[in-house]
Amino acid sequence: MDETEFWELVDAAREDAEGDPEEQADLLVERLVRLDPEAVLDFARHFESRYHRAYRWDLWGAAWVLLGGASDDAFDYFRCWLIGQGREVFEGALHDPDALADLLDDFDEEFDGDGEELGYAADEAYEQLTGTVAPDLELPPAPAEPEGTPLDFENKALLAERYPRLWERFGY
């Protein structure tokens, strides 16, 4: 599975789920079990590598503004959700996290921003296909710390300055 196929699966599932991350995860599992186990592992590798790429302080700050706070776990689930939003939103957010203010049409912090189940879709599909747990993906280890310079998430003035568009639209 190449990168284009990965994003096509993500996009189709999101569109069919009408943006519901849990439904999107269920649809991904349904579609992944139609593939062979190696393709499912390829999907998992694409997902995991993007998940690690998004482990950045500047993106965590954007998640903090969008969600009105974001613990370690909440940021993990946010990164899964961000991948689930598709290539344009994902890459746009990595390029400029404040651009999420323009990239997201609607955002409801009760409904959006938590894609925990998306992070398990490939594992679930692989287990359904093979009856075994997915093997190690043989990717570089996850970064120990987020990339970039840490931010003081409690400093509202700093967040408003760093993420002016997000703050205007979603700030608390």
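Which helix holds the place of R31?

## Helix α2 and R31

R31 has its place in helix α2 of this predicted model. The relative accessible area of R31 is 16%, so the residue is buried, the cut-off for that class being under 20%. Apart from neighbours within four places in sequence, R31 is in contact with L9, A12, A13 and D16.

Besides R31, the buried residues of α2 include P21, Q24, A25, L27, L28, V29 and L32. The buried residues of α2 pack against α1, α3, α5 and α8. The N-terminal end of α2 is capped by D20, with a side-chain oxygen 2.9 Å from the backbone nitrogen of E22.

## Helix α3

Helix α3 runs over residues 37–53. Its 17 residues should span 24 Å at 1.5 Å a residue, and the separation of its end C-alpha atoms, 24 Å, agrees. At the start of α3, the backbone nitrogen of E38 has a side-chain oxygen of D36 within 3.0 Å.

Buried positions in α3 are A39, V40, L41, D42, F43, A44, H46, F47, R50, Y51 and H52. Among the elements that cover them are α1 (3–16), α2 (21–32), α5 (72–84), α6 (87–95) and α8 (121–130).

What does H46 contact, leaving aside its neighbours within four places in sequence? The contacts are with M1, D2, E3 and F6. H46 lies in helix α3, and its relative accessibility of 16% means that it counts as buried.

Two distances describe how H46 is placed against these residues. The side chain of H46 reaches the backbone oxygen of M1 at 3.0 Å. The C-alpha atoms of H46 and D2 are separated by 8.4 Å, although the two residues are 44 residues apart along the chain.

## Aromatic pairs

How many aromatic pairs does the structure hold? There are 14 aromatic pairs. One of them joins F6 and F43, with ring centres 4.8 Å apart and 45 degrees between the planes, a tilted arrangement. Because F6 lies in helix α1 and F43 in helix α3, this pair ties together parts that are 37 residues apart in sequence. F6 is buried at a relative accessible area of 0%, and F43 counts as buried at 1% relative accessibility.

W57 and W60 form a stacked pair, 5.3 Å centre to centre and with 10 degrees between the planes. These two residues are three residues apart in helix α4 (residues 57–67), and therefore separated by about one helical turn. W57 is buried, with a relative accessible area of 14%, and W60 is buried with a value of 7%.

## Aromatic cluster and a charge over a ring

Which residues form one aromatic cluster? The cluster consists of Y55, W57, W60, W64, F75, F78, W81, F107, F153 and F170. W57 and W60, the stacked pair, thus belong to this cluster.

Y51, one of the buried residues of α3, has a charged group over its ring. The charged end of R79 sits there, 3.8 Å from the ring centre.

Methods. Residues numbered from 1 in each chain as written. Predicted model: local features only at pLDDT ≥ 70, side-chain atom pairs only at ≥ 80, totals over all residues. Heavy atoms only, no water. Helix = DSSP H or I, 4+ residues; strand = E, 2+ residues; numbered from the N terminus. Expected span 1.5 Å × (residues − 1). Buried < 20%, exposed > 50% of the residue type's maximum accessible area, 1.4 Å probe, protein only. Contact = heavy atoms within 4.5 Å. Polar contact = N/O pair within 3.5 Å; in protein donor to acceptor, adjacent residues only side chain to side chain. Phe/Tyr/Trp six-rings, centres within 6.5 Å; stacked < 30°, edge-to-face > 60°. Lys NZ or Arg CZ within 6 Å of the ring centre and 35° of its normal.
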